[in-house]
Amino acid sequence: MRIAVLSDIHSNLVALDAVLAAIGSVDAIWHLGDVVGYGPEPDGVVARLSEAGAIGVRGNHDAAAVGGPEIDWFNHDARRAMEWTKATISETTRTWLAAQPQRRTEAGIALVHGSPRDPTWEYVTSIPVARANFEVLETRLGLFGHTHLPTAFRDDDGRLEHISPSRGSELDLGTGRFLVNPGSVGQPRDGDPMASYLLLDPERLTCRWERVEYDIAAVQAAMAERGLPSQLALRLSFGL
Ligand code: ZN
């Protein structure tokens, strides 16, 4: 069984299409939120996920896009991009985004955007934060996004390990408990501009991080055309 886990696509349809082409046929597509925000093609990304039957959870940008108060916490560029997103998305996109739950459990695996204890906002970037979240995690395996960093935390009977995977890294999920982050499809921040995603096999209990190149210049041109902040476009070149 192969499940593609995608997070933080951020309206980057070119990156999403490169990922979908690379993964080929899978049994399911799960997304971990922040489907929209920052990037130039919110309607296109939602349409693609919807066609593919992807299921997932709502991120802070998705909540803001459907009118939530989350926008008040955004920095200047994120807010400008979100104002544009809110004004441009179709009713179909709005309805699809509004239907995404804050958290869900699939095949005994918890899905959230931020963290199990704060699915909208918390960034799980350190062992102390991971430890607090293992305490509230009700499943053996949890998937999260939001940091845009490919990462995992393993809880081996209270002994925590922080794993920083590289392209092609596999992780054996057979023993212990795990919080796993696929990295970001549409706006990676680990210094590698390639789109990041995870392939998960919940039967063999393994996962593998993958990267794929996409046409960054095309996305930057589309962002410029729509008047989106140039800094948001520029960072795509560096994966930062
Ligand atoms: Zn995000």
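These legends accompany close-up views of a predicted model.

View 1. Four residues give donor atoms to the zinc ion: Asp8 and Asp34 through OD, and His10 and His148 through NE2. These donors lie 2.1 to 2.4 Å from the zinc ion. Along the sequence, the donor residues follow the spacing D-x1-H-x23-D-x113-H.

**View 2. Angles around the zinc ion.** Here the eye can rest on the geometry of the four donor atoms, which subtend angles of 84 to 175° around the zinc ion.

**View 3. His10, a zinc donor in a loop.** His10 sits in the loop that runs between β1 (3–6) and α1 (13–23), and its NE2 atom is a donor to the zinc ion. With a relative accessible area of 1%, His10 is buried, and Asp8 is buried too. Take a look at the backbone as well: phi of His10 is near 50°, a positive value in a residue other than glycine.

**View 4. His146 and Thr147 between β6 and β7.** Which loop holds Thr147? Thr147 belongs to the loop between β6 (141–143) and β7 (150–156), and His146 is found in the loop between β6 and β7 as well. Phi of His146 is near 80°, again positive in a residue other than glycine. His146 is buried at a relative accessible area of 3%, and Thr147 counts as buried at 6% relative accessibility. From Thr147, the side chain reaches the backbone nitrogen of Leu149 at 3.2 Å.

**View 5. The largest pocket and its lining.** Two strands, β4 (103–106) and β5 (109–112), each supply at least two residues of the lining. Among the lining residues are Arg103, Arg104 and Thr105, together with Ala110, Leu111 and Val112. Pro116 lines the pocket too, as do Val136, Leu137, Glu138 and Thr139. Sorted by class, the lining has six nonpolar, two polar and three charged residues.

Terms used: Residues are numbered from 1 along each chain as its sequence is written. This is a predicted model: local features need pLDDT of at least 70, side-chain atom pairs count only at pLDDT 80 or more; totals for chains, interfaces and linings use all residues. Side-chain values use heavy atoms; hydrogens and water are left out. Donors are N, O and S atoms within 2.8 Å of the metal (3.2 Å for Na, K and Ca); water is not among the atoms, so sites may look incomplete. Four donors count as tetrahedral if all angles lie between 85 and 135 degrees; four count as square planar and six as octahedral if opposite donors are over 155 degrees apart and all others between 65 and 115; anything else is irregular. Buried means under 20% relative accessible area, exposed over 50%, partly exposed in between (1.4 Å probe, protein chains only). On a 1 Å grid over the protein atoms alone, a cavity is a set of points where a 1.4 Å probe fits but cannot get out, and a pocket is an open set with protein on both sides within 12 Å along at least five of seven lines; lining residues have an atom within 4 Å of a point. Helices (H or I, at least four residues) and strands (E, at least two) are DSSP runs, numbered from the N terminus. Ala, Val, Leu, Ile, Met, Phe, Trp, Tyr, Cys and Pro count as nonpolar, Asp, Glu, Lys and Arg as charged, and the others, Gly among them, as polar. A polar contact is a pair of N or O atoms within 3.5 Å; within protein, one must be able to donate a hydrogen and the other to accept it, and residues adjacent in sequence count only if both atoms are side-chain atoms.
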